[in-house]
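Dear colleague,

Please find below the structure that I am handing over to you.

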Amino acid sequence: MNRRSFIALVGGAAAALTVSAPALGQDYPNRQIIILVGIAAGGITDVTTRQYAAVLSKNMDQNIIVENRPIAGGAVAAAAVQGATPDGYTLLSVVGSQFCSVPAMGLAPYDPVKGFAPISLTFRLPTLLVVPMDSPARTVAELLAWGKTKPGGLLLGSPGAGTPGHLLAAKIALATNTPIQYIHYRGGAPVMADLITGRVDFSLASFNSARSNMDAKKLRALAVDAETRLPALPDIPTLIEAGLGAHRVADWAGVLAPAGTPTAIVDRLNREFVIAARTPELIAKLTENGNIVASSTPQEMSRLVADEVKGMEQLIKTLGLKVH
C-alpha cells in the first residue's frame, strides 16, 4: 500500500466517524458508543474488548459495539479514532507495544502521545518464552549461552515484524549480545507448528497460544514476561527473575479517546472501565485466557504511553524496521 492510498484510506475512515453531535452534558452517553480495534476478530485483544464492552453496556445502559480494522498494524483504526469527533462516542482499544511502535516504523498518520486522551488500562498480556520439549536449554541463561555457540545463532519464530515477541527478542539480543535470526510468519499458528518440530529454537508467545501445546508436552516454558509469576504456572520464573526485567516491552492493553475529549467524559469512562475491571465474571474470563485484569487513571496511562513511545523509537531505529 503506497502512502497516498494509505492516507486516503485513513482519511475516509476518520471522516466516517466524524459526525455532528449535540452538546454534551450530564446525559452522556445518550447514543451508541463504538470501540475500534486494530486487530483481527478472534484475537485476545478483540475478545477482551468485547468482554469489557458487554459489561459497560449493561452498567451504562447503552449499546457499545466493537469494530475491527486490522489494517497496517492497527494504524488505520488509530488514525480514524484520532480524527473522530472528541465526544466520547468513538474509542480505541490497543495493545501498548503495537500502538507505540507502529508510528516509529514510518507510515502511521497518528500521534500516540498528542492524538489521544487515555482512559484506562484494561489488561496485561503475559508473554511466555517457549522452546521445543527437546531443546537443550532448560533456563533462559542456558538458551542465551547456547545461542552464542550455535552456528548462526538462535532462530526466533514470531508472528510478524514489529510484534511484541519480535521486539522483546530484539531487546534481549541487544542487551545480552546474543545472535538471533528473526523468522517472521503470518500469525501465531505457523510459529507454533514450526517451534514444535524444532525448525525454530524459541518464541515469545501469548499464554493463550502456547497453553495447549504446553499441556500436550510439546513445548516448554522457560520464563514469563510479567511482573509476577502466573498462578497457572507457578514454577515458571519471570524475565525479571532471569535478570532481563529492564528489557521488557509493553505488556499492557488499554482504551483511549481522541485528544480534546472533555475531561468530564474521560473521567466518566475511566470510572466505568475501573468498575468493569473489578467485576468477578470479567476477571474470571480474562484469567482463564492467561491475562491479568488491569486498570489505571488517565494520567498513569498517559505516562506509560509516553515512556513506551520513547523506548520504541530508539529500538525501531536500531533495528531499522519499517511498516510495509
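Leaving aside residues up to four places away in sequence, E272 touches L56, N59 and M60, where contact means heavy atoms within 4.5 Å. E272 belongs to helix α9, which covers residues 263-277. With a relative accessible area of 9%, E272 is buried (under 20% relative accessible area; exposed is over 50% and partly exposed in between, with a 1.4 Å probe and protein chains only).

Please note that this is a predicted model, in which local features need pLDDT of at least 70, side-chain atom pairs count only at pLDDT 80 or more, and totals for chains, interfaces and linings use all residues. Residues are numbered from 1 along each chain as its sequence is written, and side-chain values use heavy atoms, with hydrogens and water left out.

Turning to the chain as a whole, its secondary structure consists of 11 helices and 11 strands (DSSP runs numbered from the N terminus: helices are H or I with at least four residues, strands E with at least two). The radius of gyration is 20 Å, close to the 20 Å given by the globule rule for 324 residues, so the chain is as compact as a globular protein of that length. Here the radius is taken over C-alpha atoms, and the rule is 2.2 Å times the number of residues to the power 0.38. Along its principal axes, the C-alpha trace spans about 65 × 45 × 30 Å.

Of the 324 residues, 52% count as buried. Among contacts between residues at least 6 apart in sequence, 79% join residues at least 24 apart.

With kind regards
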